Structure formats: C-alpha cells, structure tokens
Amino acid sequence: MRVERRNLIDADRGAVWKIVSDPDRYPSFMARLERWESANQQPPGVGARYFVHWKIGSVPVGGLVEVVEFDDLRDLAWVGITGINLRGRIRLRDAGEGRTRVTFRLSYQAPGGIWGYIADRVAMRQVGRTTTETLKRLKAIAESGG
Amino acid sequence: MSTLGDLKDWMREQVASRVPKADLDQRDPDYIRDQLPGTWLLASLYFRADVQHLDRIPADGPVLLVGNHSGGNVPPDTFVFTLAFCSYFGVERPFYQLAHNLVVSAPPLGWLRKFGTVAANPENAKLALESGAALLVYPGGDYEVFRPSWERHKVDFDGRMGYVKLAREAGVPIVPVASVGGQESALFLNRGQWLAKLLMADKLLRLKSIPISLALPWGLNISDLAGHIPLPTKIAIEVQHPIDVDGDDQAVHDKVMASLQAGVDRLAARRRFPVIG
C-alpha cells in the first residue's frame, strides 16, 4: 500500500529541512509515534538507523529503519530492515514566496499473504490519518519559527 | 486399590510421554512474522486491544515477564501480548512462553511451539532465560484463568512464587504485565476444583480445576477442554516497571503482586462496561 499526503508550509525550505533532518525533533511532529530511538548512534545522514514504531490498531507497528537518502534541503528517505516492509520519504520543494511544499509518503506491505493484504487495507485509513496529522504538526512547528 | 494406583500411574505416564521435550529451536521467527497480520487483525478489530508501555521492557537481554492470566483455555491476553512483543521488538528477539502440559501436548496446538511456547516447568524456564531470551510466565495460571467472572479484576497466583527463585537464579529482572478483559470472554461460574478432585484429574493430569462456565457455542461449558469462542471483549494490557530481585522471595513476590494489582485496577477503572470496555 502507498499513502501520500501533501501540504504547503509558510516557511522556507531551510527552516523545514532543519526540522525533518534532526532526529531529535521527530517525536515532536510525527503523529502516533510510540518508539523513536537511534539504533547505531550514527550522525543524521545515510546509514543512520532508528527504531520506529507507530501505534496502528492494537499494537506498535514498525521496526528498524535505515536512512537511504539524505539529500540536503530536498529529500529524506528510509527503508525498513526488520518488521513490516516499509519505505518512507519526506520530500521538500519550493512553492514560491518563502513557502515549501512538503510530501510525506509511506509505502508498506505486511507479510503473510492474504491476511497481510487485508491487514494492509484495514490499516490504510489509520496510516492516512497519521501522515495527515504529521504534516499538520510539522506545519505548525515550522510556521511558529521551528 | 493397586489397580486404581496402576491406572493412575499409567495415565500419568501417558500424559508425561506426550509432553514434548523443550526444544528452543522449534521457535520459527519466519512463521511468527507470517502470522502477525492475522493476529493483528484479530487483536485490532475483534478484541480492540490496547497494549501500553512496552518501552518498560529492557531493550535486550533475558527478562522474566510475569502476567496475570484470564480467559479460560482461550486466553486472549497471551496472544495479544505475544503479538505486541514480536511487533515491538521484532520476531528476531527470542521470546518464549510457558504453557500447561496439556496445551503443548495437544496435537491441534502444535503450531504454538513455532511461536515459542514450551511446557511450563523450571528446566524449560531456566533453559530459555539462559539462552538470553525473554520469557513470559503466568504463575498459577491454570488456577487464575478459571476464576469466576465477578473476580475478573483480582490478581491471584494461588500462592505460587517459584518464578521469583527462577529470576534470582537466572539473574534477570521481573517485568509484571497487567491485563484486563480476558475474563469477560465467557461467563466463568466456578473453578470446579471439587470436580477435579472428584474425578482425580488433579493427580492424573495436573488439572486443579474443571471449570464450569457459560460460553459460546456450547452454552453450559464443563472443563473448557475443547475451548470456546471468546466474546469480543476489549483487551487492555499495561506493562509495569521492572522489579529487581533483591529481597527475599516473599518480599519480591509482594512487590510483583502489588504492581500487577495496581495495573489491573488502573485498567479496570477506565472500563465502563463489561465486554465493550
């Protein structure tokens, strides 16, 4: 399944990037986050690993993720190493007059054949709400000066 | 009398010979991973489960998880917690659960061994902890799990505290795991200890109870050996702070019981209706 949400933030890309590139800031804007811990103490960038779990349904869902793209002021992407198959991306683009268009994508696939597919479909609405809420919080933080 | 004695010995041997030897290698992380979506659906949609404070469990190393047990022979709390643990720490972290001999030796439940379920005895428990795994135990679970539904928020290990010695010898902390909701999955009326004694099941099968309940689809359900269809009761689980084993057994046991009962009371206070939650 792939869930994508976008919003427009009244702050320049540098200000938004400062927030999304700082691992310590994630608990403040990532919605329904149950666990966020550095797993290899590596500085932010490609190769840094984190334990990430969101409360989806009855239990925390996620696993160990690794940052695979850390393109300054543009893209930050990660893939899941353990847990469900997961890819995530936060994409920043100029929207003119000091504004930034932010895209947040989450692609995920649970194991287990047909049950995994049903679980993915059932979780989709909640994952959608989580990504929407995350962008709202990011907007509020960035527009209040970070 | 000697015929009766022989019969008892024979039955004891039959049960004992069917209990699989503990083989920690039977746990299969890939199998567990494939089952997680199905259990997630059941836990999220049917039982509307809510598991809190998994972060209180030490992130690595062996740990003894001690829970209160509910739900008769179909205890939803075990599978919800197993799902939560495997989801939070990953199926890669070794995790075992102790279960009654009759559970691990029942042929239709052979798949439980792939989840890491082993027969409840001190040797298996020690083996699991020495291997560095997390171990879930329900002291006195076969007694507690059949308490009447009106005692559903009472933690009662029937005085069992062997788990303290186990944790002390293995040098691991105890993490209490409180849960509510399971005892509302059927209407449990009586533990039926008198019936177990009458039928000598306590001596032959290590069954202290032959419980009497009203449960789907049977109506009046005696023994629950064939299980039942649990009502869609809301399951709430709260992991408590770790307790170090640094006093005598009774003192540590009292701490664990106090922690569990406080957790159960907190969860029960948030519950407005039986079953619905």
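## A tour of chains A and B

Start by selecting Asp75(A): across from this residue, in strand S6 of chain A, stands Arg91(A). You are looking at a predicted model, with an ipTM of 0.90 and a pTM of 0.91.

**Stop one: the strands of chain A**

Colour residues 75–80 and 85–94 of chain A, which are S5(A) and S6(A); these strands run antiparallel and are joined by five bridges. Now follow the chain through the hairpin that links S5(A) and S6(A). Four residues lie between the strands, and Gly83(A) has a positive phi near 80°.

To see how the two line up, pick Phe70(A), which faces Leu76(A) of S5(A). The hairpin of S4(A) and S5(A) leaves three residues between its strands, and there Leu73(A) takes a positive phi near 65°.

**Stop two: two helices of chain A**

Show H1(A), residues 13–20, together with H3(A): their axes come within 10 Å and cross at roughly 120°. The two helices are therefore oblique to each other, and their crossing is right-handed. Display side chains for Ala15(A), Val16(A) and Ile19(A) on H1(A), then for Leu138(A), Ile141(A) and Ala142(A) on H3(A); these residues make the contact. Six of the residues in this contact are nonpolar, with no polar and no charged ones.

**Stop three: where the chains meet**

Keep H3(A) selected and bring in chain B. Chain A puts 18 residues into the contact between the chains, and chain B puts in 22. By type, the chain A side divides into nine nonpolar, eight polar and one charged.

Now zoom in on H3(A), residues 113–143, against H2(B), residues 29–46. Their axes lie 8 Å apart and the helices pack at an angle of about 45°. That angle makes H3(A) oblique to H2(B), and this crossing is left-handed. From H3(A), select Trp115(A), Gly116(A), Ile118(A), Ala119(A) and Val122(A); from H2(B), select Pro37(B), Gly38(B), Trp40(B) and Leu41(B). Seven of these contact residues are nonpolar, two are polar and none is charged.

**Stop four: the sheet of chain B**

Move on into chain B, where the mean pLDDT is 92 and 96% of the residues reach 70 or more. Show its strands as a cartoon to find an open sheet of seven strands with mixed pairing, in the order S1-S10-S6-S2-S5-S3-S4. The edges are S1(B), at 50–52, and S4(B), at 117–119, each of which pairs on one side only. On average, neighbouring strands are turned by 25° against each other, direction ignored.

Within the sheet, select S2(B) (63–67) and S6(B) (174–180), a parallel pair with four bridges. Leu64(B) stands opposite Ile174(B) of S6(B).

Finish with H7(B), residues 162–170, which lies across S2, S5 and S6 of chain B and runs at about 165° to S2(B).

How values were computed: Residues are numbered from 1 along each chain as its sequence is written. Chains are lettered from A and ligands numbered from 1 in the order in which they are written. Axes are lines fitted to C-alpha atoms, for helices over the stretch in contact, and angles run from 0 to 180 degrees between N-to-C directions. Angles under 35 degrees count as roughly parallel, over 145 as roughly antiparallel, 65 to 115 as roughly perpendicular and the rest as oblique. A crossing is left-handed if the near helix is turned anticlockwise from the far one by less than a right angle, and right-handed if clockwise. Two residues are in contact if their C-beta atoms, placed from the backbone, lie within 7 Å. Ala, Val, Leu, Ile, Met, Phe, Trp, Tyr, Cys and Pro count as nonpolar, Asp, Glu, Lys and Arg as charged, and the others, Gly among them, as polar. pLDDT is the predictor's confidence in each residue, from 0 to 100. Two strands pair if DSSP finds at least two bridges between them.
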